[in-house]
Amino acid sequence: MAAKNNENLMGAAAYLLGFVTGIILLLVEKESKFVRFHAMQSTVLFGGIFILNLALGFIPILGWLLGLLLSLGSFILWILCMWKAFQGEMYKVPKIGDIAEAQLAKMK
């Protein structure tokens, strides 16, 4: 039971600092498929959002407004993903979860 709770906590921690904690957990965790999935999903999701937000920053006014909306949406996704992982759910963000699973399969 304690191992499962620890796994849930580690899954939620994969989202804590976005793609940074995702990458760290991918490098450190070798056993838990649950933690590795959430770490990869965090890396793909928030890495992509980071790059998109960076690109939007170069577009005056409209890009900045879209960047604000993207930031709000990513904050909501961040909370949702952490909560689902903490509850022990293998929640897949549409499209991103499939990409994360495919990347994990390539790493084996």
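Helix 5 gives the most to the lining of the largest pocket, supplying four residues. Keep in mind that this is a predicted model, where local features need pLDDT of at least 70, side-chain atom pairs count only at pLDDT 80 or more, and totals for chains, interfaces and linings use all residues. Residues are numbered from 1 along each chain as its sequence is written, and side-chain values use heavy atoms, with hydrogens and water left out.

**The pocket**
- The largest pocket holds about 220 Å³ of space.
- Its lining (residues with an atom within 4 Å of a pocket point) includes Lys30, Arg36, Phe37, Met90, Glu101 and Lys108.
- By class, that lining has five nonpolar, no polar and six charged residues.
- Helix 3 and helix 5 each bring at least two residues to the lining of the largest pocket.

**Helix 3 with helix 5**
- Helix 3 (residues 33–56) packs against helix 5 (residues 96–107) at an angle of about 120°, and their axes are 9 Å apart.
- That makes helix 3 oblique to helix 5.
- Nine nonpolar, three polar and two charged residues make up the contact of helix 3 with helix 5.

**Helix 3 with helix 4**
- The axes of helix 3 and helix 4 (residues 62–86) come within 9 Å and cross at roughly 170°.
- Helix 3 and helix 4 are therefore roughly antiparallel to each other (angles over 145 degrees count as such).
- Among the residues that meet here are Phe34, Leu45 and Ile49 in helix 3, and Trp64, Leu70 and Trp78 in helix 4.
- The contact of helix 3 with helix 4 divides into 13 nonpolar, seven polar and no charged residues.

Notes:
Axes fitted to C-alpha atoms, helices over the stretch in contact; angles between N-to-C directions. Parallel < 35°, antiparallel > 145°, perpendicular 65-115°, else oblique. Nonpolar A, V, L, I, M, F, W, Y, C, P; charged D, E, K, R; others polar. Contact = heavy atoms within 4.5 Å. 1 Å grid on protein atoms, 1.4 Å probe; cavity = no way out; pocket = protein on both sides within 12 Å on 5 of 7 lines; lining within 4 Å. Points joined across faces, edges and corners; volume = space filled by probe spheres on them.
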